[in-house]
Amino acid sequence: MYEDNKELEKLSINAAEITDLQQRANYYRDNIIPYMAKVRASADELELITAKKY
């Protein structure tokens with residue numbers, strides 16, 4: 001999950017370099033949002049194996 005976070009940070013940096021707003025929005029749609037869903041799925045799995053008191 002740590003590596004996924006680093007990759008998401010790289011994607012965010014790439015997005016910030018895009019000056020055209022429509023192209024930046026498309027980049028978010030095509031790259032960042034799907035990657036965030038992947039990270040979220042990993043986090044959801046971890047929640048299932050973590051004790052309820054945490």
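# Packing of two helices in a predicted model

Helices α1 and α2 pack at an angle of about 170°, and their axes are 10 Å apart. This makes α1 roughly antiparallel to α2. The contact involves D4, E7, L8, L11, S12, N14, A15 and A16 on the α1 side, and R24, Y27, Y28, N31, I32, Y35, M36, K38, V39 and S42 on the α2 side.

The model is predicted, so local features need pLDDT of at least 70 and side-chain atom pairs count only at pLDDT 80 or more, while totals for chains, interfaces and linings use all residues. Residues are numbered from 1 along each chain as its sequence is written, and side-chain values use heavy atoms, with hydrogens and water left out.

The terms above are set as follows. Helices are DSSP runs (H or I, at least four residues), numbered from the N terminus. Axes are lines fitted to C-alpha atoms, for helices over the stretch in contact, and angles run from 0 to 180 degrees between N-to-C directions. Angles under 35 degrees count as roughly parallel, over 145 as roughly antiparallel, 65 to 115 as roughly perpendicular, and the rest as oblique. Contact means heavy atoms within 4.5 Å.

## The interface between the helices

L11 is found in helix α1, which covers residues 2-16. L11 counts as buried because its relative accessibility is 11%; buried means under 20% relative accessible area, exposed over 50%, and partly exposed in between (1.4 Å probe, protein chains only). Not counting residues up to four places away in sequence, L11 touches Y27, N31, I32 and Y35.

I32 is placed in helix α2. With a relative accessible area of 2%, I32 is buried. Its contacts, leaving aside neighbours within four places in sequence, are L8, L11, S12, A15 and Y27. The C-alpha atoms of I32 and L11 are separated by 6.4 Å, although the two residues are 21 residues apart along the chain. For I32 and L8, the C-alpha distance is 6.9 Å and the sequence separation is 24 residues.

D4 also belongs to the contact, and its place is in helix α1. D4 is buried, with a relative accessible area of 13%. Leaving aside neighbours within four places in sequence, D4 is in contact with Y35, K38, V39 and S42.

K38, one of these partners of D4, is found in helix α2. K38 is partly exposed, at a relative accessible area of 44%.

## Salt bridges

Side chains of opposite charge can pair when their charged atoms come close. The structure holds four salt bridges, a salt bridge being a side-chain nitrogen of Lys or Arg within 4 Å of a carboxyl oxygen of Asp or Glu.

R40 and D44 both lie in helix α2, four residues apart, which is about one turn of the helix. R40 is partly exposed at 41% relative accessibility, and D44 is partly exposed at 34%. E47 counts as exposed, at 53%. Salt bridges that share partners join R40, D44 and E47 into one network.

## The surface and the segment after α2

M1, L46, L48 and I49 form a nonpolar patch on the surface, with about 470 Å² of accessible area together. Patches are made of residues with over 30% relative accessible area and no salt bridge; like charges are joined within 9 Å and nonpolar side chains (Val, Leu, Ile, Met, Phe, Trp, Tyr) within 5 Å. Accessible areas come from the Shrake-Rupley method with a 1.4 Å probe, and for residues only the protein chains shown count as cover. I49 lies in helix α2, which covers residues 21-49, and is exposed with a relative accessible area of 70%.

K52 is found in the segment after α2. K52 counts as exposed because its relative accessibility is 85%. The C-alpha atoms of K52 and N14, 38 residues apart along the chain, are separated by 38 Å.
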